[in-house]
Amino acid sequence: MKRTFFIVIILFSLVALFVSCSSESEKIDQPKVNPSEFTLKSNLTLSTFSNLSDDIEKQFAKTRSTDNFLTEEEAKVLLRPVLEDGKNIQKKVLNTISKDSPEYQQYSKMSEQELIILSMISVTNKQSTKTRAISNLSTGDIIGCIGAALGIPGGALGLRTGSLVTAKTGLQILKSVAARYAFGYISLAIATYQFGKCIYDIAK
């Protein structure tokens, strides 16, 4: 009786081990997406950036009224939704592309400033919004606003009307920006304000 019991236990252990190994094998063998084929997706909408520009404008007005300049920390607080969105995009990319790819290494080392810009350029892939006027904006309009906000022509950024920003092209755009400017939180707050205001002005 004891021998039969031990045999049953051993069989159950072998089955459990087989299932565990199969599960791990599936995880290991799961194919990774090519960075040039993975589209960056933002959880923010154009309306979010338009509303955020209002918040930044109010903060600027508040600091001017007290003869103080906007601090880096204050700017970072204002940009928190954009930064968190950038981190979310970064996480999705790292979970999708191969760890052996050069793109993986570059995404894993992104600064918070780069993640903010990443969120901004990724919103061109998602135009859904509750505001009808803003939803009618073309990709060209959005690219123009991003270029104006960053002080770089849309063509120089590598953004093209009708094309989606992928994990690969996203890096190319960030390199174009970094080659011209070194952004801090205050300058990024200004850029975000200009982007949101541009969206609002075109949608009027």
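User: How far is the backbone oxygen of Leu118 from a polar atom of the side chain of Ser122?
Analyst: The separation is 2.7 Å. A polar contact here is a pair of N or O atoms within 3.5 Å; within protein, one must be able to donate a hydrogen and the other to accept it, and residues adjacent in sequence count only if both atoms are side-chain atoms.

User: What kind of model is this, and what are the pLDDT limits?
Analyst: The model is predicted: local features need pLDDT of at least 70 and side-chain atom pairs count only at pLDDT 80 or more, while totals for chains, interfaces and linings use all residues. Numbering starts from 1 along each chain as its sequence is written, and side-chain values use heavy atoms, leaving out hydrogens and water.

User: Where is Ser122? Buried or exposed?
Analyst: Ser122 sits in helix 6. Ser122 is buried, at a relative accessible area of 0%. Buried means under 20% relative accessible area, exposed over 50%, and partly exposed in between (1.4 Å probe, protein chains only).

User: What does Ser122 touch?
Analyst: Leaving aside residues up to four places away in sequence, Ser122 touches Leu40, Ser42 and Ile89. Contact means heavy atoms within 4.5 Å.

User: How many residues of helix 6 are buried?
Analyst: Eight of the 11, so helix 6 is largely enclosed by the rest of the structure. The buried ones are Leu115, Ile116, Ile117, Leu118, Ser119, Met120, Ile121 and Ser122.

User: What angle does helix 4 make with helix 6?
Analyst: The axes of helix 4 (residues 80-96) and helix 6 cross at roughly 85 degrees and come within 7 Å. The two helices are therefore roughly perpendicular to each other. Axes are lines fitted to C-alpha atoms, for helices over the stretch in contact, with angles from 0 to 180 degrees between N-to-C directions. Under 35 degrees counts as roughly parallel, over 145 as roughly antiparallel, 65 to 115 as roughly perpendicular, and the rest as oblique.

User: Which residues meet there?
Analyst: From helix 4, Val82, Leu83, Asp85, Gly86, Lys87, Ile89 and Gln90; from helix 6, Glu112, Leu115, Ile116, Leu118, Ser119 and Ser122. By class, that contact has six nonpolar, four polar and three charged residues. Ala, Val, Leu, Ile, Met, Phe, Trp, Tyr, Cys and Pro count as nonpolar, Asp, Glu, Lys and Arg as charged, and the others, Gly among them, as polar.

User: And helix 11, what is its angle to helix 6?
Analyst: Helix 6 (residues 112-122) and helix 11 (residues 185-203) pack at about 5 degrees, with axes 11 Å apart. These two helices are therefore roughly parallel to each other. Glu112, Gln113, Ile116, Ile117 and Met120 in helix 6 meet Tyr185, Leu188, Ala191, Thr192 and Phe195 in helix 11. That contact has seven nonpolar, two polar and one charged residues.

User: Zooming out, how many helices and strands does the chain have?
Analyst: The chain has 11 helices and zero strands. Helices (H or I, at least four residues) and strands (E, at least two) are DSSP runs, numbered from the N terminus. Of the 204 residues of the chain, 40% count as buried.
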